[in-house]
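Q: I would like to learn how the features of a protein model are read, one at a time. Could we begin with the general idea and then turn to the case shown here?

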Amino acid sequence: MSYIYLYLNIFTIFFPLVLSFDKRVHFYTNWRYLFPAMAVTALCFIAWDMAFTQHGVWSFNPDYLVGLYIGNLPLEEVLFFITVPYACVFIYECLNTYIKREWLQPYAPAITWFLVVANLVIGIYFWGRWYTMLTCLLVPVLLVIYYWQFKYHKMGRFYLAYLVHLVPFLLVNGVLTALPVVLYSDAHNTGLRIGTIPAEDTMYSMLLLLMTIIVYEVLKQKAESPANKVTAALVN
């Protein structure tokens, strides 16, 4: 039982890692953009995680951990910020390759502003409940950053990847919260649950994916700019 969280991390990344060499997606060729994006996201979220763990917003059940810690975080929690972003961006790129129809792009502006307004209202209403407040106030910030950087370009693609990722998300987080491996203090959230999963986790997961995608797409955009292509050609 002490390896449950570790097994979940392995399960999360195993198939995306193996399938990264798929001939159509060839995801491995994007590692040079992905790994820096994951590093930026991991540093931000690990710092957040350490602070919330320190202040009792959530805690971890040692019965399901291997017992190795980085600061006050179990090793498995740190690995979570590697395995999950990798798997999510893999889903994003697979959908970009295999699904050409823009299912959600026409609705991207409406979805975006609904999320901005709804999260602002919830974050302010639950002011002082740290998990709800911080998560819901950060979602609009990152959505505005995305819009500032890319306008609505590929935002429909992001929302599609987010919806698809909810399936493995609910499975993995369902296990983590049902056993439970992660314990949440309801003093710091709304108390609303999807099964055993705090409702805020859906927006927390959006933040994790959104931050990674923003950095990832910025790095790709810079590498694919005409000036950089000319420089690369001259070097080669």
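A: Helices (H or I, at least four residues) and strands (E, at least two) are DSSP runs, numbered from the N terminus. This is a predicted model, in which local features need pLDDT of at least 70 and side-chain atom pairs count only at pLDDT 80 or more, while totals for chains, interfaces and linings use all residues. Residues are numbered from 1 along each chain as its sequence is written, and side-chain values use heavy atoms, with hydrogens and water left out.

Q: How are W31 and F35 placed in helix α2?

A: Helix α2 covers residues 31-54, and because W31 and F35 are four residues apart in this helix, about one helical turn separates them.

Q: How is a pair of aromatic rings described?

A: One gives the distance of the centres and the angle of the planes. Rings of Phe, Tyr and Trp (its six-membered ring) pair if their centres lie within 6.5 Å, and planes under 30 degrees apart count as stacked, over 60 as edge-to-face and the rest as tilted. The whole structure holds 23 aromatic pairs. In one of them, the ring centres of W31 and F35 are 5.5 Å apart with the planes at 25°, so this pair is stacked.

Q: Where is N119 found, and what does its side chain reach?

A: N119 is found in helix α4, residues 108-125, and it counts as buried because its relative accessibility is 3%. A polar contact is a pair of N or O atoms within 3.5 Å; within protein, one must be able to donate a hydrogen and the other to accept it, and residues adjacent in sequence count only if both atoms are side-chain atoms. Here the side chain of N119 reaches the backbone oxygen of L115 at 2.8 Å. Contact in general means heavy atoms within 4.5 Å, and, leaving aside neighbours within four places in sequence, N119 is in contact with C136, V139, P140 and M203.

Conventions: Buried < 20%, exposed > 50% of the residue type's maximum accessible area, 1.4 Å probe, protein only.
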